Number of protein chains: 2
Amino acid sequence: MGKIIMEHGSGGRATGELIREIFESQFHSDVLSEMEDAAVVPGDGTIAMTTDSFVVTPLEFPGGDIGRLCICGTVNDLCMRGAVPKYITCGFILEEGADIDTLRRIVKSMAETADEAGVKIVAGDTKVIEGNGGIYINTAGVGFVPKGVDIKAKNAEDDDVIIVSGNVGDHHATVLSQRMGIKNTIVSDNAPLQEMVGKLIESKIPVHVLRDVTRGGLATVLKELALASGLRFDLFEEKLPVDPQVQSFCGLLGLDPLYMGNEGKLVAIVPKDYAVQALEVIRSCKYGENACMVGAVNIPEDETEEGALIMRTEIGGRRFLDILQGEGLPRIC
Amino acid sequence: MGKIIMEHGSGGRATGELIREIFESQFHSDVLSEMEDAAVVPGDGTIAMTTDSFVVTPLEFPGGDIGRLCICGTVNDLCMRGAVPKYITCGFILEEGADIDTLRRIVKSMAETADEAGVKIVAGDTKVIEGNGGIYINTAGVGFVPKGVDIKAKNAEDDDVIIVSGNVGDHHATVLSQRMGIKNTIVSDNAPLQEMVGKLIESKIPVHVLRDVTRGGLATVLKELALASGLRFDLFEEKLPVDPQVQSFCGLLGLDPLYMGNEGKLVAIVPKDYAVQALEVIRSCKYGENACMVGAVNIPEDETEEGALIMRTEIGGRRFLDILQGEGLPRIC
């Protein structure tokens, strides 16, 4: 179908054709086809809302693409509040020259991922700007929070354990490999986590905190959670799950997997007594087979330990970790 | 504070500073300050959802700016389904080099407009891309639809009247004037319409259709509504409210106000028996003083009239109008 031209953003006939041919053909939805600017859908009790924009290069990579990424990102942000993800809106900003076949594949991938995650795409918008063929996608989502569920960043407590749902750094290493033209078989972990979170909640484990491990990596996420709770988070270096190929990729480039982003991993913080059960539940899920207990939450022994994230090594060393500073790594999103 | 640099999008310290200094300082919100990726807010019954991206140049113009625009646009899309707008998410895509003082003004304007419209900004996201200092904003919104309200595009009926809430073309003419360096005192109509819609619904007028008159202008909007209903929409040329200054601006450039966008006008389609009451309600509202009845909905007399929008002139002429085709006008969004 060729390239995006400015006329595709006019709001007139060309915009209508683009929407019908590219978007509606994939996002089969009664709600979307109603020719309305706002979707009307059933609501229920307490709702969770989130938004995220996706500006990743390359648009397609082993294990995923920007379309799968944006659905997963929004679904996962909702899940991290214990919500059942329900509805997604998507806003496309297309640069003139964007490849329409690529756009078609991306949209197909969004539709498939939405199906997998059990969410409905209910509203959309398309704008065209000048530029060099870039495709940017914003997604926003709504989910319903089951009664009694209260999961948030500051809820970590003394004696909780920290579980990560699988290998860290995969997505980041995949995108970097693509950008740098390095040949390997590393695949992005790009995945929706509603099954995992749903099962944790169904199993009545009193989950204190959930957070997906994205930009900034595990260290940034855990440091933010430590700050939110004011407690001390201890991280055990030898427990960190890293794929051997990702590990050697990082070694080669001098990168630290702790600061590398994922797109299908979560951190769960639960009371110690539920650690084994939580680990079992997560490992029983499609994207949780490599889940590990990687750390613990403790009361700070002094002021310097308040909100601290401390890496403990096998030989007894301890190192304070901070959130990602500066660029740190070649950017992936 | 200078310019946006790539580091502002790293997800690390610089991102945190940008969010705190620019966004949180304006969007005073308990929900936003919780350091969560998804907001959790009360939900109720039937919800409306919408999204829109804003890519307008210039970022600031007489009567508004991209910040006021994005809040109004989302609020209005929700209102057009009869919903009471409640929650907004915003995603910023900032090009490297974007001016931070400008961003600050835009964010302030968003906060003020959200206050005016009675909505809460509950979640946000910021990404930085390479480029030339552009600022793009996506907003998504959620509103609650009162019981019994069912307003949608295809609900127009025979014998309905078509009301437009004020002068058409103002926003488009403002932005064009700015872009072309033409000096005049035309001001954008950029405004939130929740008061108007709320009063229409409270007054128990059985509103069939509401639609805000944005990209593509009144003609495009009415043609889309005619198509959705399959009926014939008649438009009376002499009734169209156009500001004299906008009219002469259009005359000068050979533009048609019918195809020019607004950002604070709506079309209301109501049964003829309620026309006077609806007009009174709309005129009593802050942004409705120039409301007019501009047309009527009728049963098509033959196939060519099904879904047709027909302009009727004072001297008995009739002209079929279509949606905006091609670029038509210099683009404003």
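Helices (H or I, at least four residues) and strands (E, at least two) are DSSP runs, numbered from the N terminus. UniProt, in an unreviewed entry, places the feature "domain: PurM-like C-terminal" at residues 158–297 of chain A; UniProt positions are given in the numbering used here, feature names are shortened, and annotations may be inferred rather than shown by experiment.

This is a predicted model, in which local features need pLDDT of at least 70 and side-chain atom pairs count only at pLDDT 80 or more, while totals for chains, interfaces and linings use all residues. Residues are numbered from 1 along each chain as its sequence is written, chains are lettered from A and ligands numbered from 1 in the order in which they are written, and side-chain values use heavy atoms, with hydrogens and water left out.

Chain A as a whole has eight helices and 14 strands. Its radius of gyration is 21 Å, close to the 20 Å that the globule rule gives for 333 residues, so chain A is as compact as a globular protein of that length. The radius is taken over C-alpha atoms, and the rule is 2.2 Å times the number of residues to the power 0.38. Along the principal axes, the C-alpha atoms of chain A fill a box of roughly 65 × 50 × 35 Å. Of the 333 residues of chain A, 62% count as buried (under 20% relative accessible area, with exposed over 50% and partly exposed in between; 1.4 Å probe, protein chains only).

Strand β12 (residues 292–298) of chain A has six of its seven residues buried, so β12(A) is largely enclosed by the rest of the structure. Strand β8 (residues 160–164) of chain A pairs with β12(A) in the antiparallel sense over four bridges; two strands pair if DSSP finds at least two bridges between them. In this pair, A:Val164 stands opposite A:Cys292. Strand β10 (residues 232–236) of chain A also runs antiparallel to β12(A), joined by four bridges, and there A:Arg232 has A:Asn298 as its bridge partner.

In chain B, an open sheet of seven strands with mixed pairing has the order β9-β11-β8-β12-β10-β13-β14. Strands β9 (209–212) and β14 (318–321) of chain B stand at the edges with a single partner strand each, so one side of each is left without a neighbour in the sheet. Strand β13 (residues 309–312) of chain B pairs with β14(B) in the antiparallel sense over four bridges, with B:Met311 opposite B:Arg319. Helix α8 (residues 275–283) of chain B packs on the sheet, touching β8 (160–164), β11 (266–271) and β12 (292–298) of chain B. Here contact means heavy atoms within 4.5 Å.

B:Ser229, in helix α6 (residues 217–229) of chain B, is buried at 18% relative accessibility. A polar atom of its side chain lies 3.1 Å from the backbone oxygen of B:Ala226, and the side chain of B:Ser229 reaches the backbone nitrogen of B:Leu231 at 3.1 Å. B:Thr51 lies in strand β2 (residues 46–54) of chain B and is buried, with a relative accessible area of 2%. The side chain of B:Thr51 makes a polar contact with the side chain of B:Asn138 (3.2 Å).

Key: Axes fitted to C-alpha atoms, helices over the stretch in contact; angles between N-to-C directions. Polar contact = N/O pair within 3.5 Å; in protein donor to acceptor, adjacent residues only side chain to side chain.
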